[in-house]
Amino acid sequence: VHGFNAMLDRLEAERSASTTRALHAQEAERQRIAQELHDEVGQSLTAVLLGLKQAMDLAPPAVAAELELVRDTTRTSLEEVRRISQRLRPGVLADLGLLNSLSSLASDLSARTGVPVDRGFLPGLPALPPETELVIYRVAQEAMTNVARHAYAHSVELGLTRRGDALVLRIADDGVGGIANAVAGAGIQGMRERAHMVHGHLELRPREGGGTEVLLDVPVTGGPA
């Protein structure tokens, strides 16, 4: 019995280590792609914008009007590339900290969908390891992406509080339960694996009054930052 339990513990440790390596590799690949989008695609689109501006200055009015439409489309594409790059590489974590980064996610969701996000962050949260901050950020990002894609919500709540020895991230919407229906998807599975990586627990459940609630509990120690 002891040998069997030891084998199970070893297998679980190996699985956890394998998941951690896979997620670290995924983050590295995200950063590589984000850098290429910023350096290659972003710079190329910027050069196109400059070329279109020069062509507009030389073109007759009718042609200049058509070029202006192309320029607007190119500018929109450049902004979208920058947004994708930022989502792939959460540089805001290092620059702004966790709470401001979560606020940035909320603002981005409202800007893209028009859905208001009610934010509630408890002051004096403990200092967290970078890996834990990244997991909280990625889970919030995935949950809010699912809200935008599936929930058809009219409002969203985003909160980060401390309950005893755990930090609790909560994302709740008043939509149609689209997140719960996506529970078997790769995105939800990735959220669970990230939570496991920092010994946390992820729960998806129906929200009282309709919609879906995503809860991430992460064990923490220490006092306020």
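Helix α1, which spans residues 2–58, contains both D57 and K53, four residues apart, about one turn of the helix. In this predicted model, the side chains of D57 and K53 meet in a salt bridge, with an N to O distance of 3.1 Å. D57 is exposed at 54% relative accessibility, whereas K53 is partly exposed at 34%.

Helix α2 (residues 61–88) holds R75 and D72, which are three residues apart and so separated by about one helical turn. These two residues form a salt bridge. R75 is partly exposed, with a relative accessible area of 30%, and D72 is partly exposed at 32%.

The structure holds nine salt bridges, including the following.

| Salt bridge | Closest N and O atoms |
|---|---|
| R75 and D72 | 3.0 Å |
| R170 and E213 | 2.4 Å |

R170 forms a salt bridge with E213. Because R170 lies in strand β3 (residues 166–173) and E213 in strand β5, the pair ties together parts that are 43 residues apart in sequence. Salt bridges that share partners join E157, R170, E203, R205, R207 and E213 into one network.

E213 itself is located in strand β5, residues 212–219. With a relative accessible area of 9%, E213 is buried, while R170 is partly exposed at 24%. The side chain of E213 makes polar contacts with the side chains of R170, at 2.4 Å, and R205, at 2.7 Å. Beyond its neighbours within four places in sequence, E213 is in contact with R170, I171, A172, E203, L204, R205 and R207.

Conventions:
Residues numbered from 1 in each chain as written. Predicted model: local features only at pLDDT ≥ 70, side-chain atom pairs only at ≥ 80, totals over all residues. Heavy atoms only, no water. Helix = DSSP H or I, 4+ residues; strand = E, 2+ residues; numbered from the N terminus. Buried < 20%, exposed > 50% of the residue type's maximum accessible area, 1.4 Å probe, protein only. Polar contact = N/O pair within 3.5 Å; in protein donor to acceptor, adjacent residues only side chain to side chain. Contact = heavy atoms within 4.5 Å. Salt bridge = Lys/Arg side-chain N within 4 Å of Asp/Glu carboxyl O.
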